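Let's walk through this protein together, with an eye on how its parts meet. Have the structure open as you read.

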Amino acid sequence: MRLLKTIVPAFALALAAGTPVPAFGEETPSAVTATSPDGSLVLTVTTDSSKRPTWSLTRKGKLLIGASKLGFTLTDGLNMVRGFRIVGSETASADTTWEQPWGERRFVKDKHNDVLVRFEQNADYAGRRMNVRFRLFDNGVGFRYELPEQPGLKTMKIADEWTEFDVAQGGTAFWVAGLEWNREEQIYQRTPIEAVATAQTPITMRLDDGTHLAVHEAALVDYSAMNFKRAEGRLFRSTLSPSSQGPRVVRDLPFNTPWRTIRIADSAAGLVENDLELNLNEPNKLGDVSWFKPMKYVGIWWGMIRGDWSWAEGANHGATTARTKQYIDFAAKHGFGGVLVEGWDKGWNGDWFGHGQDFSFTEAVHDFDLKAVTAYAAKKNVQLIGHNETGGHIANYEAQLEDAMKLYQSFGMNAVKTGYVADAGGIIAPAGKPGETRMEFHDGQRQVQHHLKVVETAAKYKVAINAHEPVKDTGLRRTYPNWIAREGARGMEYNAWGEFANGPDHEPTLVYTRMLSGPMDYTPGILSLEGAGHVPLASTLAKQLGLYLAIYSPIQMAADFVESLAAHPKELAFIKMVPADWAESHLIAGEVGDYAIFARKDRNSDDWYVGGVNDATARDLVLTLGFLDPGKTYTASVWKDGEGATYRTEARHRIAYETRDVKKGDTFPLWLAPGGGAAIRLHPGK
Ligand code: NOJ
Ligand code: CA
């Protein structure tokens, strides 16, 4: 074991970190240090002159995170901020590999050193105890508070968590605002680190010396989401999402908080090929989940988003039995696993935005025959994908949850898309007494509890969940692999509502921000490149295919009308063949917010796929096919931007096709148009 755990004399630490550190007597250490397995990251945990616990981090000998405080303020007095000393520490380490049932890669390596630091407050603060566990990987650090059982503190009512991150260098940050309207569905900001206000996580930073950081959290369970608030300069402090009840979190001891995480890498690729949060989550609790198969799906959806059809009953109702059968026929013919149907249930008539209490999750509307449609789907070997829009009224949803999941299982449906559109306010949660409700933040503790309740109930009935307007992904798919995807960022739907609504750099930014947290149901494949009233997408045709490689989800939509998919047979051919489950994934070219080209290996064959997305700047890339298996010749089938293609004009439809033989180590020139992309299938010959 290469873990270094030393007891550092106060004066030595003061010299190293440049801050005065008092000693607390001979019997207890004044600081604890630990390193990552390769020694590049060195953590120091100590207390400052106000006896506040602090942590700091160096990388390759250079300060990365300066002395940053730890602790809690409570709503009922005696804060856990000052008056601490270190009373002990324990170390451990691990070097294992575990397997994902589905994902960007099949095997995940978990090599880390672990140190638990025990703190105790002095008598002025009732001698309270608080432990902090740090886990150091070569490409990141996670830490969480572990609150042990102790006399006089049965329940913690947390006013806020005071976890600081003092970023030692300047640089550029990529982020969306936290605690704001419209949840995560915002355009990303690219600003100096000093210009961040309150951000959601993941927030990505490229420091001046080229180091890449992404701050996030792992295993958000029964707690409020952490927002990343700039206090001054480059000093950030956690701020938890609020609760209607006063304290932002209420928990009985003992309990552990979610992990606070920082991915650390030399390059954008090092941020992307990084399993920090997954490694910090508990292993699979559900056992065999092979009943869920990664798949692609079509759906009665874009028509409502564009306004051609309605969710509500009436002349333009989208989810009719007849149309659903038409979509099932298309899915069966082209090998899509599922058909999503929205607006099948009661509750959409009228102004559904503010009336979540009206939704039924078991009763179909008059022109949708659930029994007939699911029987038809089963005959054709296609799944019906359910849809539960809650309007944010989780009290109404929770009351029906068990019955709904039972019903879906009985009809052979094993995936449900949920939704929490609640723009007017927050989530309407049960208040405790039957029928009473209260408003909550969409990522506060109550809503975090709700999402897990849905996922656990669904698992009982072998149903997988794809949540829209969700709480952010913190790697819980490892523990609950039926939590297959979610939205949690501005999806394709915005392109229906305005010209270039998701600008050309939106997806190349998502890859390095939102996508670090987990799979996204972005809903690619709008081959018409048109939203409502023919508003254009900021995308070339090839980019719509590149999205299947840039934005991972084990459930990938071909989101356009089936007529539009059929009108593009060559593009449809790619969408049909591209997998939704991978043995390996590598970012082979890209920079945060600019472009992203992945190489991914199919889990079920020897095929590789290469492709991705570009921002508004045209680029000539020369890819190196170093990832291919040696000794094989591959046929590369290429879908790429045609000559003169640009998202700005009708030339966005220009696409070029090419076939050629390649082998490991070959170079591969690729031109990306403004707003462009590419998709390549590499199939080995005999
Ligand atoms: C917003 C979701 O993102 C979208 O996919 C869905 O169709 C609507 N809400 C209605 O549930
Ligand atoms: Ca949405």
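A salt bridge here is a side-chain nitrogen of Lys or Arg within 4 Å of a carboxyl oxygen of Asp or Glu. Keep that cut-off in mind for the pair we come to below, and remember that the model is a predicted one.

Begin with the overall layout. The chain is divided into domain 1, covering 3-279, and domain 2, covering 295-578. Their C-alpha centres are 34 Å apart, and the contact draws 46 residues from domain 1 and 46 residues from domain 2.

How much area do domain 1 and domain 2 bury between them? The figure is about 3800 Å², with 57% of it on carbon and sulfur atoms. If you look at the domain 1 side, Trp102, Arg183 and Glu185 are the residues that lose the most area to domain 2, together accounting for 20% of what that side buries.

Now turn to the polar side of the interface. Two salt bridges are counted between the domains. Find Glu104 and Arg477: they form a salt bridge whose closest N and O atoms are 3.0 Å apart, within the 4 Å cut-off. Between domain 1 and domain 2 there are also 23 residue pairs in polar contact.

Which elements give two or more residues to the domain 1 side? They are the strands E16 (212-218) and E19 (249-252), together with the helices H2 (268-272) and H3 (276-280). E16 supplies the largest share of that side, four residues. Sorted by class, the side of domain 1 that touches domain 2 has 23 nonpolar, 13 polar and 10 charged residues.

Definitions and conventions. Residues numbered from 1 in each chain as written. Chains lettered and ligands numbered in written order. Predicted model: local features only at pLDDT ≥ 70, side-chain atom pairs only at ≥ 80, totals over all residues. Heavy atoms only, no water. Domains from an automatic or database assignment. Contact = heavy atoms within 4.5 Å. Buried area = accessible area lost by both parts, 1.4 Å probe. Polar contact = N/O pair within 3.5 Å; in protein donor to acceptor, adjacent residues only side chain to side chain. Nonpolar A, V, L, I, M, F, W, Y, C, P; charged D, E, K, R; others polar.
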